Amino acid sequence: MGIRINERKERDGENYSHLLTIEYATDVEERSFAGTVFGTIGPRTVRIDLFSFEVNPDGILLFYTNTDKPGMLAQVGSILADASINIAGLSLGRSAVGGKALTVVSVDNRISEDVLARISLIEGVHEAKVVVL
């Protein structure tokens with residue numbers, strides 16, 4: 001399958017005593033994901049690509065990238081509320097003020113294709129996906 005695994009251990013890594021980073025590259029894209037475990041709190045995803053944040057990798061997660069500008073979260077929240085979808089958690093990361101942002105929303109109910117399409121149509125939203133873990 002062409003999968004190569006490289007293990008690298010560093011003493012002076014980022015701000016975490018133990019950080020697992022997974023990187024992959026295809027003909028279409030390159031991505032990276034990093035996670036750690038916080039004591040008794042459990043595992044947390046702390047970086048996707050260049051976006052740093054903290055999210056519990058569990059349940060139903062809405063991921064969307066957007067232009068960092070006021071009102072983006074309010075518009076998404078309104079669509080979720082109209083569909084009776086409760087927000088359980090939220091984490092934000094951005095490249096720079098006014099740049100590209102990544103938002104991860106943990107929700108209590110499944111997100112339908114219709115709701116996802118409505119979120120995708122918001123001006124400034126570049127990509128929206130639902131992941132169920």
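**Reading a helix, a strand and a ring pair**

Student: Which exposed residues sit on the face of α2 turned away from its buried side?

Tutor: Glu 113 and Asp 114 are the exposed residues on that face. Exposed means over 50% relative accessible area, buried under 20%, and partly exposed in between (1.4 Å probe, protein chains only). Helices (H or I, at least four residues) and strands (E, at least two) are DSSP runs, numbered from the N terminus. Keep in mind that this is a predicted model, where local features need pLDDT of at least 70, side-chain atom pairs count only at pLDDT 80 or more, and totals for chains, interfaces and linings use all residues. Residues are numbered from 1 along each chain as its sequence is written, and side-chain values use heavy atoms, with hydrogens and water left out.

Student: And which residues of α2 are buried?

Tutor: In α2, residues 113–120, the buried ones are Val 115, Leu 116 and Ile 119. They lie on the same side of α2 because they cover an arc of only 100 degrees around the axis, taken from the directions from the helix axis to the C-beta atoms.

Student: What do the buried residues of α2 pack against?

Tutor: Look at β5 (60–67), α1 (72–82) and β8 (125–132): the buried residues of α2 pack against these elements. Contact here means heavy atoms within 4.5 Å.

Student: Now a strand. Is Ser 32 buried or exposed?

Tutor: Ser 32 counts as buried, because its relative accessibility is 12%. You'll find Ser 32 in strand β2, residues 30–38. Leaving out residues up to four places away in sequence, Ser 32 touches Ile 22, Glu 23, Arg 47, Ile 48 and Asp 49.

Student: How many aromatic pairs does a search of the whole structure find?

Tutor: One. Tyr 24 and Phe 33 have ring centres 6.5 Å apart and planes at 10 degrees, so the pair is stacked. The rule: rings of Phe, Tyr and Trp (its six-membered ring) pair if their centres lie within 6.5 Å, and planes under 30 degrees apart count as stacked, over 60 as edge-to-face and the rest as tilted. Tyr 24 is partly exposed at 33% relative accessibility, and Phe 33 is partly exposed at 32%.

Student: Zooming out, how many helices and strands are there in the protein?

Tutor: Two helices and eight strands, in the order β-β-β-β-β-α-β-β-α-β from the N terminus on. The C-alpha trace spans about 45 × 40 × 35 Å along its principal axes. Of the 133 residues, 32% are buried. Take the contacts between residues at least 6 apart in sequence: 53% of them join residues at least 24 apart.
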